[in-house]
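Please look over the structure shown here before reading the points that follow.

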Amino acid sequence: MLVKPLEREIVPIFSGGGTRLCCYIGILMALKEMRLHFNHLVGVSGGSIVAALYAAGWKLDDIKVLAMDTDFKQFREISFWSLLRTGGLSDGNRFEEWLDEKLGGRTFADLELDLHVLATDINGGGPVVFNKALTPRLKVSQSIRYSMSIPLLFSFKDFQNHVMADGVILSEDALHKDWSGRHVPAVCFRLKSDAEEKPVLKNRFFPLISYINMLIQTFMNAVSREYVHAEYWHNTVLINTGDVSSVDFSLSLETKLHLLRLGYQTTIDVIPLKLNWLRQ
């Protein structure tokens, strides 16, 4: 497909997504093909993983291979002791160590692009921003672990006087800022899941685990279906991932490729319309 180059600077915001992060790889491929360039990237939860790899200089083809080859199930641990002590079935340490290795231990000051990672402070209910200006020496992998603290699934983490939870809980106001400091238009990419009634498959010996998993999935799906405020509709791109959940750690290669193509095609189709509105 021949894509007309737009040659314009934007600030992409990758808002959540969990394990559906392959969508963001397709989005970046489309933005590159359309010759939309950016010096700033904003990442929340799953979206911050792809944003960080790209900001660290990874090629898109390499990010794609990594996503396709990685078994997400390795990051999902189940520990009732961890749930009682830290609020999550998994402490998330394995994921943070894995990502830190992929990023080469980079801090925000080491990144090629300006990356902004958002998490939620449940102690005060507001956003906490990690970037080169505010936290230059913080490891990027640590900030992403903060942003991915899905309640009940991953443990809460402390940072200074904050108690970190998943950034996807944040209100839209926290995302739509002048991230560049030069009034470069931001485009927020949001992944939306549809509700799907499934057979109840309870763990034979520990049914509580099944109920917790259903609660987590219901919560994350509800967040993803939150309405876009009219004030932000002009610069928000919704990508409907159907029945693919943000907490599905068993995604097949076929589903990952489907998500990548979905992110690519939606961006190709919608971005020209959004940029026309932003010019008005």
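1. How many of the 12 residues of α1 are buried? The model is a predicted one, in which local features need pLDDT of at least 70 and side-chain atom pairs count only at pLDDT 80 or more, while totals for chains, interfaces and linings use all residues. Residues are numbered from 1 along each chain as its sequence is written, and side-chain values use heavy atoms, with hydrogens and water left out.

2. Helix α1 is mostly covered, since 10 of its 12 residues are buried, where buried means under 20% relative accessible area with a 1.4 Å probe and protein chains only. Among them are Cys22, Cys23, Tyr24 and Met29.

3. The 12 residues of α1, residues 22-33, should span 16 Å at 1.5 Å a residue, and the end C-alpha atoms of the helix are 17 Å apart, which agrees. The expected span is 1.5 Å times one less than the number of residues. After α1 comes Arg35, with a positive phi near 60 degrees.

4. An unreviewed UniProt entry lists Ser45 and Asp166 under "active site"; such annotations may be inferred rather than shown by experiment. Ser45 lies in the loop between β4 (40-44) and α2 (46-55) and is buried, with a relative accessible area of 1%.

5. The protein has 8 helices and 12 strands, taken as DSSP runs (helices H or I, at least four residues; strands E, at least two). Of its 280 residues, 54% are buried.

6. Among contacts (heavy atoms within 4.5 Å) between residues at least 6 apart in sequence, 79% join residues at least 24 apart.

Terms used. Buried < 20%, exposed > 50% of the residue type's maximum accessible area, 1.4 Å probe, protein only.
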